[in-house]
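Here is a short report on one protein model. Read it with the structure in view.

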Amino acid sequence: HFPAAEFCKKITDFSNGISDPSEKSAFNALVTPLMDTAAPYTCSNDSIVVGSERALQGFLQILRKWTEVERWFCDGKSYADAVDILRKANADDVEHVLEVCRTHAGLKLSSKIVGTIIDNIADAFRVEHRDVSSKSIVAGAHSLGDASPCLSEIGSMGCVQYSSVALQARKLLLQESLPSIETRKARIAAAAKDLSESYHVQGSVTPFSVEGLVDERIPMADVLYPLLSSAGDNSEKLAFAELYFRKLYNAQTLKDFYRDSDDMRLKFTFVAKASERVFSSSTPVTSMTDLSRAISRSGSLHELANTDSHSTNQVPPMTSRVAVCKLASTIDDIENPAFLQTCLESFPQYTGTSPKCSA
């Protein structure tokens with residue numbers, strides 16, 4: 001590979017060694033175009049893909065040009081209407097109108113090219129977040145984050161013709177907005193370990209790491225089964241299951257946890273939280289901003305109008321209910337009648353000695 005970084009460094013060192021100001025100025029003016037040409041090859045975090053920054057700049061230029069053309073035709077506009085709008089906006093530049101129309105004619109092929117570029121950028125992002133190898137030619141590019149505006153523009157495009165590349169762009173943006181899989185797995189595993197250790201401490205409170213994981217709403221469903229498979233013992237598996245249910249029942253008040261590591265069974269009580277009134281005597285509404293914030297907390301104006309009414313199918317607030325989870329190692333365990341029997345027996349049994357539950 002051409003040693004671009006060393007090349008630029010030697011030129012800079014030589015320039016700094018020139019004592020005559022006029023001679024130094026003349027030398028810098030002479031080598032500046034050369035330095036600008038070599039600069040993209042020095043901005044790479046991957047020693048294997050030396051020209052990744054230059055390749056990325058080329059990709060971004062293609063994406064910007066493509067969105068500049070296709071933005072005229074997306075969002076359900078007919079071709080005739082799009083051309084009419086284009087002609088009115090460029091009344092003095094007929095050549096530009098013709099160029100845009102000709103470029104749009106190759107949409108099927110250009111969409112495949114854009115899709116391939118997005119895949120390369122996605123591979124580069126994966127390399128950036130994990131210690132893995134990649135065949136992406138933009139891996140390690142210094143300006144990789146500059147692709148986000150282009151991806152956001154493509155992801156917002158409506159119409160069936162753009163659905164494939166728009167979906168690719170949205171998926172990539174979503175992946176980048178979330179913690180990487182390895183980071184999430186490590187954090188979930190650490191929280192599960194703290195929770196598992198708390199099982200053996202009498203009267204222990206919920207570990208801070210568990211509360212933080214639940215409050216931040218970090219996605220867990222896609223990594224739950226791999227984590228269960230990698231768990232060392234039943235206690236750890238039960239901790240992963242409890243973490244998942246704490247996230248699933250985050251809107252409820254959870255209490256009275258019972259864990260049976262030998263039977264891999266988890267049981268807890270959950271209570272529906274009482275709904276809060278949107279407005280009260282202490283609610284400050286001094287501006288439209290306060291009013292908008294209060295209404296947004298209510299969910300909708302319809303819910304605001306029905307704050308005090310309850311559906312006949314809705315469970316009354318503060319009603320205690322019981323949830324039971326039992327982990328199975330194999331499908332054969334589920335087919336065993338005793339498996340379901342132990343789950344059903346874990347629920348509170350009504351003996352007729354107390355009033356029936358209102359739920």
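An open sheet of 3 strands runs in the order β1-β2-β3, with antiparallel pairing. Its edge strands are β1 (252–260) and β3 (320–326), and each pairs on one side only. From one strand to the next, the twist averages 20°. Strands pair here if DSSP finds at least two bridges between them. Helices (H or I, at least four residues) and strands (E, at least two) are DSSP runs, numbered from the N terminus.

This is a predicted model: local features need pLDDT of at least 70, side-chain atom pairs count only at pLDDT 80 or more, and totals for chains, interfaces and linings use all residues. Residues are numbered from 1 along each chain as its sequence is written, and side-chain values use heavy atoms, with hydrogens and water left out.

**The strand pairs**

Strands of a sheet pair through backbone hydrogen bonds, either parallel or antiparallel.

β1 and β2 form a hairpin with 4 residues between them. In that turn, M264 has a positive phi of about 50°.

**Helices on the sheet**

Contact means heavy atoms within 4.5 Å. Axes are lines fitted to C-alpha atoms, for helices over the stretch in contact, and angles run from 0 to 180 degrees between N-to-C directions.

Between α12 and β1 there is a loop, and A251 lies in it. A251 counts as exposed, because its relative accessibility is 57%. Exposed means over 50% relative accessible area, buried under 20%, and partly exposed in between (1.4 Å probe, protein chains only). A251 and A272 are 21 residues apart along the chain, and their C-alpha atoms are separated by 7.6 Å.

**Helix α11**

Which residues of helix α11 (residues 221–230) are buried? They are V223, L224, L227 and L228. Seen down the axis of α11, these fall within an arc of 140°, so they line one face of the helix. The arc is that of the directions from the helix axis to the C-beta atoms. On the other side of α11, Y225, S229 and S230 are exposed.

The cover over the buried residues of α11 includes α9 (181–198) and α12. S198 lies in α9. S198 is buried, with a relative accessible area of 13%. Leaving aside neighbours within four places in sequence, S198 is in contact with S204 and P207.

**The cavity**

The count comes to 1 cavity of 30 Å³ or more. The largest cavity has a volume of about 30 Å³. On a 1 Å grid over the protein atoms alone, a cavity is a set of points where a 1.4 Å probe fits but cannot get out; lining residues have an atom within 4 Å of a point. Grid points are joined across faces, edges and corners, and a volume is the space filled by probe spheres set on the points.

K65, E68, V69, H96, E99, V100 and T103 line the largest cavity. Helices α3 (52–70) and α5 (94–105) each supply at least two residues of this lining. The largest share, 4 residues, comes from α5.

Note on methods: On a 1 Å grid over the protein atoms alone, a cavity is a set of points where a 1.4 Å probe fits but cannot get out, and a pocket is an open set with protein on both sides within 12 Å along at least five of seven lines; lining residues have an atom within 4 Å of a point.
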